[in-house]
Amino acid sequence: MEVFDIANNKDNLINEQIKCKEMMVIGPNGEQLGVKNRQDALTLANYAGFDLVLMSEGANPPVCKIMDYNRFKYEKKKKTKEAQKKQREAMVDIKEFRLSVTIDKHDFDTRVNNAKKALLKGDKVKASIRFKGRQIAHPELAKDVLKRFEESLSDIAEIEIQPKMEGRSIFMQLTPKK
């Protein structure tokens with residue numbers, strides 16, 4: 001059992017920080033001990049070797065729980081970190097690489113190398129070709145370029161979205177292999 005000062009404890013009030021006269025007390029195993037006055041609740045918590053933590057101040061009567069406050073804070077922090085980790089995993093960047101029907105070999109190789117770097121970092125890659133002028137009459141040329149692009153990255157990536165026409169452009173999306 002520890003006594004914390006209010007400056008360090010911003011989440012829940014504990015032990016002597018609680019100013020309520022009467023409160024609903026919940027035991028360390030989740031059992032309801034009933035409505036107790038402040039001193040009785042503190043004595044119960046002290047006798048059990050735990051802290052008295054104010055869980056819900058707005059309730060009528062306020063609800064306090066007898067628990068190990070340091071462990072409670074640790075588990076709360078752990079859950080927050082896990083949630084942040086899952087959120088970061090969900091936020092995968094999509095790097096877009098623009099190609100053209102008449103792309104030169106060196107430019108193509110440069111785009112492939114940059115796409116490899118992005119895929120190895122864990123990002124997704126979107127390859128797109130925008131048709132200019134009469135190029136739109138030959139979409140098979142663009143599909144050939146995209147096919148070459150996909151084959152160059154086939155060792156580290158797999159197609160997530162097959163080549164698809166959208167207006168005057170065609171695109172496909174690659175994702176890193178697991």
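How many residues does helix 3 have, and how far does helix 3 reach from its first C-alpha to its last? Keep in mind throughout this tour that the model in your viewer is predicted. Select residues 105-121, and you have helix 3, whose 17 residues reach 25 Å from the first C-alpha to the last, close to the 24 Å expected at 1.5 Å a residue.

Stay with helix 3 and colour F108, V112, A115, A118 and L119, which are buried. When you look down the axis of helix 3, these buried residues fall within an arc of 125°, so they line one face of the helix.

Before leaving, click on G122, which follows helix 3 and has a positive phi, near 105°.

Next, move to the open sheet, where four strands stand in the order 2-1-4-3 with mixed pairing. Strand 2 (32-37) and strand 3 are at the edges, and each has a single partner strand, so one side of each is left without a neighbour in the sheet. On average, neighbouring strands of this sheet are turned by 35° against each other, direction ignored. Strands of a sheet pair through backbone hydrogen bonds, either parallel or antiparallel. Look at strand 1 and strand 4, which run parallel and are joined by three bridges; select I26 together with K65, its bridge partner in strand 4. Then show residues 38-48, which form helix 1, lying across strand 1, strand 2, strand 3 and strand 4 and running at about 130° to strand 2.

The last two stops concern the backbone. Most residues other than glycine have a negative phi, and most peptide bonds are trans. Finally, go to N15, in the segment before strand 1 (22-26), where phi is near 45°, a positive value in a residue other than glycine. Is N15 buried or exposed? N15 counts as buried, because its relative accessibility is 3%, and buried means under 20%.

Key
Residues numbered from 1 in each chain as written. Predicted model: local features only at pLDDT ≥ 70, side-chain atom pairs only at ≥ 80, totals over all residues. Heavy atoms only, no water. Helix = DSSP H or I, 4+ residues; strand = E, 2+ residues; numbered from the N terminus. Buried < 20%, exposed > 50% of the residue type's maximum accessible area, 1.4 Å probe, protein only. Pairing = 2+ DSSP bridges. Axes fitted to C-alpha atoms, helices over the stretch in contact; angles between N-to-C directions. Contact = heavy atoms within 4.5 Å. Expected span 1.5 Å × (residues − 1). Arc of directions from axis to C-beta.
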